[in-house]
Amino acid sequence: MKPAPFAYVRAETLDDVFRVLDERGDGARVLAGGQSLVATLNMRLSAPEVLVDIGRVAGLAGIEDAGDTLRIGAMTRHVEVETSELAAAHTPLLASAMPHVAHPAIRNRGTFGGSIAFADPAAELPACAVALGARMTIAGRGGSRTVDADSFFRGLYETAVGPGEVLTAVEVPKIAAGWRSGFMELARRHGDYAIIGLAAHVQVDGGRFGGGRLVFFGAGDRPVSATRSAALLEGEAWSDALAARIADELKEELDPFEDLNADAAMRRHLAGVLVGRTLAPLAAG
Amino acid sequence: MTDLVADRWILDRPNSYIGRSVPRPNAPRLAEGRGTFVDDVELGRRTGHAAFVRSPHAHARIRSIDTEAARAAPGVIAVVTGRELAEIHDPWVGVLTHLEGLKSAPQYALPLDTATWQGEAVAAVVAESRAKAEDAAELVAIDWEVRPAVTDPATALDPDTTVIHESLGDNLAWRRNANFGDVEAAYAEADHVIEETFVFARHTGVCVEPRAILADFNPAEEQLTVWHNTQCPHMIQNILATHYRLDEHRVRVIARDVGGSFGIKVHTYADEIATAGLSILLKRPVKFVADRMESFVSDIHARDHRVRGTIAVRNDGAILAFEIDALTGIGPYSMYPRTSGIEANQIVNLMGGPYVFDHYRAQATVVFQNKNMMCQYRAVGHPIKCAVTEGLVDSAARATGLDPAELRRRNLRADDSYPCRSAQGLPFENLSHQESLAKLLEAMDYEALKAERDALRERGVHRGIGLASFIEVTNPSAMFYGVGGARISAQDGATMRLDARGNVFVATGATEQGQGMEAVISQVAATAVGVPPERLRIVTGDTDHTPYGGGTWASRAAGIGGEAVAQAGRALRQQILRAAAAMLQEEAANLDLRGGVVVDAATGAERIGLDEIGRICYYRPDTLPDGFQAELVATRHYVPRKYPFAFTNGAQASYLEVDVETGFITLIDHWCVEDCGTVINPLLVDEQIRGGIVQGLGGALFEECVYDRDGQMLNANMADYLVPMAAELPDMKCGHVESPTAESDLGAKGAGEAGTCGAPAAVMNALNDALAPLGAKPLTDMPFTPRKVLRALGRI
């Protein structure tokens, strides 16, 4: 388990990063916390020519109150989000998801932006980003652009980050009055990638649901926002009958994969269970 | 069977350390990172690092191997194929004569022309670093002719299935039939004859430290020195000498710290033997440290059994008969030298072990497979025979309407019935099934727990209680391997020496694997001699410096290695007292050695210190009486002779909750009461029991080496192969009954495997207790995954 030879560049500025990405193209990989990338290198599942370490680039780490949003720098370690008072106050979904992201040792090194940019469809944070309508800031030579979470995740490990670009921050809207978040996942062992999980962000008013999002991870090639199922919530109070309708709709709407832990039918079934268990307490208040 | 009477002198010694939770003397060294594991040993810049090219196919002929590009890669010292290595070694065949009919094919360090499992090492690259060796290994080009892979034990013997070794004629490694009493008559008499099929997945032991070997052949002395994290240095010494045509004294095996073994490191791994050969070929040190990925496809796998079991029971609960038909698929060879027939053999021998019954019939079939090798792993065969036995006993409880605890009470062997023999004819010296079960039920408050379970069921919470009684093979005599021709020592030796400052040096054939053997040895040595443990220096794991011994396996190190230390310690004490008597002009019988001081045996008054004895014996022997020569080294050996094994026994219980919507199982509580005879160190015994339970729980709920039909292992990494982790484990409560063996003065039996033996059965029975009210058929296919639970409940 030794990686194939690679060159290493420690970038001091984003310009350093762009220079290496321009020069080496597909042969370059950005190294953030390294918690996924280094494992794939050691397993020789990937063999980039050069790693560009962005750990020292100024301005990429930290959580900032930006008015209606929290701006989470790409190099912010998971543990910082997990223990952030800002995140706890304004993005309860992130706060409740964080303890499920791998193990403490990994959360000490792994980064928020790294998890978003790696875009593992079974990971917690991409689903949370979609559920909350986060916006990703992507920097390139020509400046920065912003992409909505919905169009950021494009497929298995594929994102809107283009050649020569780097994810630099994620803008996460603060929770608005009347909205509630719920998070639940089913993993064989705590800290494993979940068989399936749900990040729910819904409006509740007087015991009735308004709009909202039900975003599943471990359910497809990217975070899957079950919009038809979520639409069944609108104007409804929580009931077993509503849970059953949503569970039925999910069986139509979701098209999950099969792996060693579960086939598609089991994932569809568990999706319905998760919705029931996540939304019932949100409705209750 | 012989009625034995033991002399328990060691338990009556003053200042005894037996039965005390003495901390491990090696713990600070390991905690401070000052252990010496194989990879910590550096032999300088001439050391070559080996990486193996491993077969990507389960079964394929090697048409040709092109090593040119690899040889030319940076830092490469050599690229070696099977044919080159075969010139300097002889192949081995993993058979034992007492497993009559067991066959296997000659196995080489690297195969000559055919790879027979995915992950088999087929060529070696030696380079200046492991990274460079891995780079070059990718450049070795092999022209493969892929052959059909044999991957389903059920069809391995079909006429149209490919024969893995044509020289053997078929894929049957071994078949054993056993018949005691008259099963058919028992079936006719019984009120219920219940049949169930039990499935046990392939799984493996995951050691913190992977397999590793550093071999250094010195041609000037014709001396091969290997640092090897083996459980049995003398066995490996013999194997390396035999197969590399060396004299045994030309091979030294050093096993310093070992990071867990569990039976994984007790075998002859072809890649390790190849590493020694590379050192001989290249005349330089060569190191091989298995990485995590290759560990999964080259460390032995175990279990992988499908067992059809039958129980015959009367309405009054009397068990009349057991029957099994077991099928297992081992790898393409039987592992050398212990063979891959032992797991099946143990199941046949030990089925129904705790119970009194007269009729038994068994068939075990062992077939070759194009999958990684299978062999002995912690509690060989025991989790299987225990789960089949206990699963059937619970079936009998359901059929008769008797409480599972009551059914066991009615059938467990009585505690005053020893010595006696099992239905299979194996002798039991001294067990405590009834007392152990009673103590278990009391510890868990069985009746209250049942009431809680029933009350929760009313509220839609589905909990189950499962019981499992068991027997366990420990302290094996030569009947285990020696009689079958294996050159594996059943005996163990200890040498103890008083140094000039009055401290005691102890060399033992038992080995430290991280289980705390050094603590146990130090307690026995300190007690037997009469010194505090801090005055001891323990040396293990070096064939140049320890007495010949078997090492650590089959729960033998404390019971056999410990007894040798007890006897050597007593002999050394007597020698010291003779020297003291000569100095003091006193009768040795009037003296004793306590706390490192020679005292008057009657009054305890201090007479002379050990430091003074050492000083006089080594520096001023001129002052001793004429004709007196002090002898301050004692060696003793020990092997059980009267019984083939010291059976232990015990009972476990599991309390768990099933989430019927998700299929997830939460383990709430686990209890184990076991009887390993004399408990030398309660802390370490409980650690062994708990660690063993964890590996049993792994097999029950999590662990499985998943293979596809082409023989590819699909989850050979730590993310997908699920070892049990702390967050998913229950509290584990241990209790003990002590029925010492009278074969030894110490009376200790083994404790290393009892936890693994009983845990899967207890969990299975608890799971089925939880599922039964929901109308689900009993689940008997381990591991019990959420998917299987949901299917049993008809949810998916």
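This is a predicted model: local features need pLDDT of at least 70, side-chain atom pairs count only at pLDDT 80 or more; totals for chains, interfaces and linings use all residues.
User: How is chain B divided into domains?

Analyst: Chain B has domain 1 (9-35 + 491-638), domain 2 (38-147 + 207-298) and domain 3 (380-475 + 645-792). Let us take domain 1 and domain 2 of chain B. Their C-alpha centres lie 39 Å apart.

User: How many residues of domain 1 of chain B are in contact with domain 2 of chain B?

Analyst: On the side of domain 1 of chain B there are 21 residues in contact, and they meet 21 residues of domain 2 of chain B.

User: What area is buried between these two domains of chain B?

Analyst: Start with the general idea. Interface size is often given as the accessible area lost when the parts come together. Now the case here. Domain 1 and domain 2 of chain B bury about 1500 Å² between them. Carbon and sulfur atoms give 41% of that area. On the side of domain 1 of chain B, three residues stand out: B:Q513, B:T543 and B:Y548 supply 41% of the area this domain buries against domain 2, more than any other three residues.

User: How many salt bridges cross the interface of domain 1 and domain 2 of chain B?

Analyst: The rule finds 3 salt bridges there. For a pair to look at, take B:D257 and B:R29. Their side chains meet in a salt bridge, at 2.5 Å from N to O. That distance counts because the cut-off is 4 Å. By class, the side of domain 1 of chain B that touches domain 2 has 4 nonpolar, 13 polar and 4 charged residues.

User: Now the two chains. How many residues of chain A and of chain B are in contact?

Analyst: Chain A brings 27 residues into contact with 33 residues of chain B. Between them, the chains bury about 2400 Å². Carbon and sulfur atoms hold 59% of that area.

User: Which residue forms a salt bridge with B:D135?

Analyst: Look at A:R44. The closest N and O atoms of A:R44 and B:D135 are 2.6 Å apart. The count between chain A and chain B is 7 salt bridges. Polar contact joins 14 residue pairs across this interface, both residues at pLDDT 80 or more.

User: Which helix gives the largest share of the side of chain A that touches chain B?

Analyst: Find helix α12 (residues 264-284) of chain A. This helix supplies 6 residues, the largest share of that side. By class, the side of chain A that touches chain B has 14 nonpolar, 4 polar and 9 charged residues.

How values were computed: Residues are numbered from 1 along each chain as its sequence is written. Chains are lettered from A and ligands numbered from 1 in the order in which they are written. Side-chain values use heavy atoms; hydrogens and water are left out. Domain bounds come from an automatic or database domain assignment. Contact means heavy atoms within 4.5 Å. Buried area is the accessible area (1.4 Å probe) that two parts lose on being put together, summed over both. Ala, Val, Leu, Ile, Met, Phe, Trp, Tyr, Cys and Pro count as nonpolar, Asp, Glu, Lys and Arg as charged, and the others, Gly among them, as polar. A polar contact is a pair of N or O atoms within 3.5 Å; within protein, one must be able to donate a hydrogen and the other to accept it, and residues adjacent in sequence count only if both atoms are side-chain atoms. Helices (H or I, at least four residues) and strands (E, at least two) are DSSP runs, numbered from the N terminus.
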